[in-house]
Amino acid sequence: MNVLIYLVPVALALGLTGLVAFLWSLKSGQYDDLDGAAVRILPDDDISQDSMLG
Amino acid sequence: MAEILDLSTFVERTPSGNSHITLAVDGVSCAGCIRKIESGLAKLPGVIDVRLNFTQKRLIVDWRGGEIDPARIVKAVEDLGYGAHPFAPARIEAAENRQAKWLLRCLAVAGFAAMNVMLLSISVWSGNGSDMTQETRDLFHWLSALIALPAAAYAGQPFFQSAWGALRTRQLNMDVPITVGVVLALALSVSETATHAAHAYFDSALMLLFFLLCGRYLDQMVRRRTKVFAGNLASLKAEFAHRLDGGEVARVPADALSPGDCVLVRPGERVPADGTVIAGSSAIDESLVTGETAPRAVAAGATIYAGSINFSGALTVRVDTAGSGTLVDEVERLLDKAMQAKSRTVRLADRASRLYAPVVHATAALTALGWLVAGASVHDAIVTAVAVLIITCPCALALAIPAVQVVASGQLFRSGVILNTGDAIERLAEADTVVFDKTGTLTLPEPCADAASIDPDLLERAARLALSSRHPLAVALARHARERIPYPGAVEEPGAGVRALIDGEEGRLGSPAFCGVADSERYDGTADAEASFIVFCRGGRSADIPIRQVLRPDAVAVVQALIARGLEVMVLSGDRPATVAPVAERLGAQQWRAGLNPAEKIAVIELLKSQGRRVLMVGDGLNDAPALAAAHVSLSPISAADLTQAHADALFLGDRLGPVLRAVAVTRRARMLMKQNLALAVIYNAVAMPVAIAGLVTPLIAAIAMSASSILVTLNALRARLTVPGAVGAGAVPAQTAVTASASAGEPVGSVARGASMEYAS
């Protein structure tokens with residue numbers, strides 16, 4: 001059972017990382033415009049003509 | 001005339017000296033639009049940041065210092081082919097946004113903690129059945145406490161605060177038993193852990209919070225979405241006024257006017273604020289104010305009200321302090337009285353929790369007493385009593401009603417009904433009598449030409465000529481023009497009419513005198529009470545074109561369907577009996593009254609109320625506002641006067657009356673589902689409570705029972721989505737999917753034909 005000594009803190013730390021990441025994404029406004037995010041991926045203007053041909 | 005568009009009231013200055021404006025944008029439907037607008041505006045010199053929120057259809061622009069005139073930004077968006085309307089973010093909306101984020105943070109914390117504690121709890125449950133040592137179990141319980149206590153203290157705040165608020169005013173709401181349950185569960189678990197007991201309820205407390213926060217957040221989300229939409233609509237509808245600053249005319253938002261300002265009201269425009277005429281004379285249409293359809297002649301010294309339409313001559317108006325007009329005074333006074341008299345209807349959820357909390361707490365106390373009497377130890381008696389509290393904690397009850405409300409308000413939203421108040425759903429479902437106002441509610445807000453009686457060729461020419469005029473009657477006629485190109489060289493003579501060369505011959509449209517026709521008695525409105533006439537003549541032929549209020553296209557079908565559903569329909573109008581009678585007859589309304597002033601309308605509604613009826617009032621005029629406030633529940637079309645909209649429980653969009661029927665159908669079904677859900681919650685308690693009283697509830701059973709009942713009521717609420725509420729009667733009314741609002745700011749109000757359309761953000 002000694003394995004619990006480090007497994008439990010590791011599990012909790014992983015969970016906390018997820019929680020902090022979510023709170024950070026919420027704070028930075030990533031959920032403010034969900035529909036916009038869905039359509040913004042469609043335009044290909046970030047790909048230059050050359051790379052599309054090549 | 002070159003005008004200055006003054007939007008400075010909408011610009012916010014940031015502390016760093018930059019400027020910031022929010023615009024409601026319409027016509028945005030795809031990714032291409034976002035890119036076009038954002039890159040188009042980024043090219044303006046000085047612009048730092050442009051961001052289009054696609055969900056909310058809002059554009060936020062930041063620029064350096066005061067380098068750009070906000071009017072230029074609006075112009076730039078309009079040049080790209082979209083409508084842009086300056087938007088003053090309401091303070092209430094900002095508060096709702098903060099509240100939503102806070103709830104989401106609480107939800108995240110509760111979810112994280114519930115998952116981790118459940119991980120430890122399941123180990124304990126399986127360990128209790130096998131060979132887990134007491135030390136390991138204690139370690140797991142202490143770890144659970146370490147996670148659960150801070151998490152519950154944070155995530156439970158929405159409930160603790162609301163429960164405290166209710167207790168301070170000596171009331172009980174649903175959050176009181178929730179708070180008691182959570183706090184007791186945690187306290188008991190800590191003391192059990194300290195005494196090395198086998199069971200702790202940390203996971204139950206956190207799971208409870210997680211489920212309840214889900215319900216809370218959903219509720220909040222729907223409310224926020226309708227608020228955002230209503231805010232956009234308000235800015236789309238916002239009126240502009242021509243303010244006289246010395247010799248110059250500046251176009252300013254009507255909200256920015258202050259008492260003492262002088263405004264110019266041109267023919268065809270809506271009066272932007274209450275005031276006194278100081279120069280000019282004209283006839284004004286006050287149908288939005290009084291319900292009266294015949295125009296009133298005004299001259300210098302007359303009091304006029306916001307929302308009236310100026311017909312013939314330009315007026316200079318001095319803006320007076322709000323509510324100085326006699327009619328407005330009267331309406332405000334009646335409103336105050338109606339608001340005071342209105343007994344706050346108790347919401348279904350609150351009624352349930354008022355019954356529920358005492359029953360649950362009494363049962364818990366009796367359980368403890370019973371076990372003590374039966375000879376159990378004090379510790380065991382208290383543990384059993386707390387288990388009763390935990391298992392009966394109104395998890396399902398607190399989800400039962402919000403879940404249905406979320407689904408129902410979403411459905412109402414899609415059918416073009418925007419709720420102003422949270423409990424409107426329940427009150428709409430209770431209505432058994434529908435009282436309609438006539439002008440602007442049963443009829444379309446703008447008059448239309450009676451096309452049937454006129455030669456189509458002549459009508460087309462007259463309508464095309466009307467395109468060149470701003471007179472409200474001409475604007476109504478212009479909507480019939482198939483070819484929407486004005487005749488070149490058309491000249492408008494103010495107060496008389498418009499003339500142009502049509503295929504080589506002069507055509508004239510306007511007053512009888514202008515067209516050289518003898519002024520017969522029919523033009524003064526005595527022969528045909530409903531219609532106003534406009535005369536068209538060309539090449540010796542002349543025609544009188546009647547312009548009248550027409551019923552909304554589905555008004556008859558909707559009224560018939562309402563009657564078929566067992567509601568009584570009544571028409572109360574401020575207009576003359578001669579115009580109300582035919583309308584009531586066509587609709588088949590059971591009763592009608594005409595020529596009522598606001599006080600008389602209230603009197604009729606009070607009479608109905610004293611007969612035990614629950615009245616749904618549908619009205620749009622300023623004169624309807626007190627009646628709306630007095631009724632059990634009220635609806636307004638989006639074209640209604642501002643004060644009236646503010647007092648309506650819900651607004652409906654579009655040219656059709658269908659949303660009224662749909663609102664009744666959806667809410668009745670929602671109410672049925674709410675009651676079903678409450679019944680489910682009661683059945684759950686009836687099963688779970690005896691088990692808990694018997695002392696058989698372990699944390700495992702509590703976890704299963706609570707999640708099962710919550711999921712059950714949520715699924716039942718979602719049933720509302722699966723089946724569309726009953727057919728709409730003979731003329732099925734399709735759900736409105738787009739709104740047309742008179743949008744082009746500063747344009748004559750009548751130009752609805754060109755009004756912008758705006759899609760729901762669903």
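**Figure 1. Contact between chain B and chain A.** In this predicted model, the contact takes 19 residues from chain B and 18 residues from chain A. On the side of chain B that touches chain A, the elements giving two or more residues are α1 (31–42), β4 (47–53), α3 (91–129) and α4 of chain B. Of these, α3(B) provides the largest share, seven residues. By residue class, the side of chain B that touches chain A divides into 11 nonpolar, five polar and three charged residues.

**Figure 2. Domains of chain B and the contact of domain 1 with domain 2.** The domain assignment of chain B gives four entries: domain 1 (1–89), domain 2 (94–237), domain 3 (409–445 + 552–666) and domain 4 (448–548). Between the C-alpha centres of domain 1 of chain B and domain 2 of chain B the distance is 42 Å. Their contact takes eight residues from domain 1 of chain B and six residues from domain 2 of chain B. On the side of domain 1 of chain B that touches domain 2 of chain B, at least two residues each come from β3 (19–26) and β6 (83–87) of chain B. The largest share of that side, three residues, is supplied by β6(B). Four nonpolar, two polar and two charged residues make up the side of domain 1 of chain B that touches domain 2 of chain B.

**Figure 3. Packing of helices α4 and α6 of chain B.** Two packed helices are described by the angle between their axes and the distance between the axes. For helix α4 (residues 134–155) of chain B and helix α6 (residues 175–194) of chain B, the axes come within 10 Å and cross at roughly 150°. Angles over 145 degrees count as roughly antiparallel, and α4(B) and α6(B) are therefore roughly antiparallel to each other. The crossing in which α4(B) passes α6(B) is left-handed. From α4(B), the contact is made by Asp138(B), His141(B), Trp142(B), Ala145(B), Ala148(B), Leu149(B) and Ala152(B). The residues on the α6(B) side are Val182(B), Leu186(B), Ser189(B), Val190(B) and Thr193(B). In the contact of α4(B) with α6(B), eight residues are nonpolar, three polar and one charged.

**Figure 4. Packing of helices α11 and α22 of chain B.** Helix α11 (residues 378–392) of chain B and helix α22 (residues 658–693) of chain B have axes that come within 9 Å and cross at roughly 165°. This angle makes α11(B) roughly antiparallel to α22(B). The crossing of α11(B) past α22(B) is right-handed. Ala387(B), Val388(B), Ile391(B) and Thr392(B) of α11(B) meet Asn685(B), Ala688(B), Met689(B), Ala692(B) and Ile693(B) of α22(B) in this contact. Seven of the residues in the contact of α11(B) with α22(B) are nonpolar and two are polar, with no charged residue.

**Figure 5. Open sheet from β16 to β25 of chain B.** Seven strands of chain B form an open sheet with mixed pairing, in the order β16-β28-β27-β26-β17-β24-β25. At the edges are β16 (417–419) and β25 (591–593) of chain B, each of which pairs on one side only. Neighbouring strands of this sheet are turned by 20° against each other on average, direction ignored. The strand β28 (residues 650–652) of chain B pairs with β16(B) in the antiparallel sense over three bridges, and Leu651(B) in β28(B) stands opposite Ile418(B). Helix α19 (residues 598–610) of chain B lies across β17 (433–436), β24 (568–572), β25 and β26 (615–618) of chain B, and runs at about 155° to β26(B).

**Figure 6. Open sheet from β1 to β13 of chain B.** The order of this seven-stranded open sheet is β1-β8-β7-β9-β15-β10-β13 (chain B), and the pairing is mixed. The edge strands, β1 (4–5) and β13 (303–304) of chain B, each pair on one side only. Strand β7 (residues 240–245) of chain B and strand β8 (residues 248–253) of chain B run antiparallel and are joined by six bridges. Asp245(B) has Glu248(B) in β8(B) as its bridge partner.

**Figure 7. Strand β11 of chain B and its pairing with β12 and β14.** Strand β11 (residues 282–285) of chain B pairs with strand β12 (residues 296–298) of chain B in the antiparallel sense over three bridges. Here Ala297(B) in β12(B) stands opposite Ala283(B). Strand β14 (residues 309–310) of chain B also runs antiparallel to β11(B), joined by two bridges. In this pairing Asp285(B) stands opposite Ile309(B) in β14(B).

Notes. Residues are numbered from 1 along each chain as its sequence is written. Chains are lettered from A and ligands numbered from 1 in the order in which they are written. This is a predicted model: local features need pLDDT of at least 70, side-chain atom pairs count only at pLDDT 80 or more; totals for chains, interfaces and linings use all residues. Domain bounds come from an automatic or database domain assignment. Two residues are in contact if their C-beta atoms, placed from the backbone, lie within 7 Å. Helices (H or I, at least four residues) and strands (E, at least two) are DSSP runs, numbered from the N terminus. Ala, Val, Leu, Ile, Met, Phe, Trp, Tyr, Cys and Pro count as nonpolar, Asp, Glu, Lys and Arg as charged, and the others, Gly among them, as polar. Axes are lines fitted to C-alpha atoms, for helices over the stretch in contact, and angles run from 0 to 180 degrees between N-to-C directions. Angles under 35 degrees count as roughly parallel, over 145 as roughly antiparallel, 65 to 115 as roughly perpendicular and the rest as oblique. A crossing is left-handed if the near helix is turned anticlockwise from the far one by less than a right angle, and right-handed if clockwise. Two strands pair if DSSP finds at least two bridges between them.
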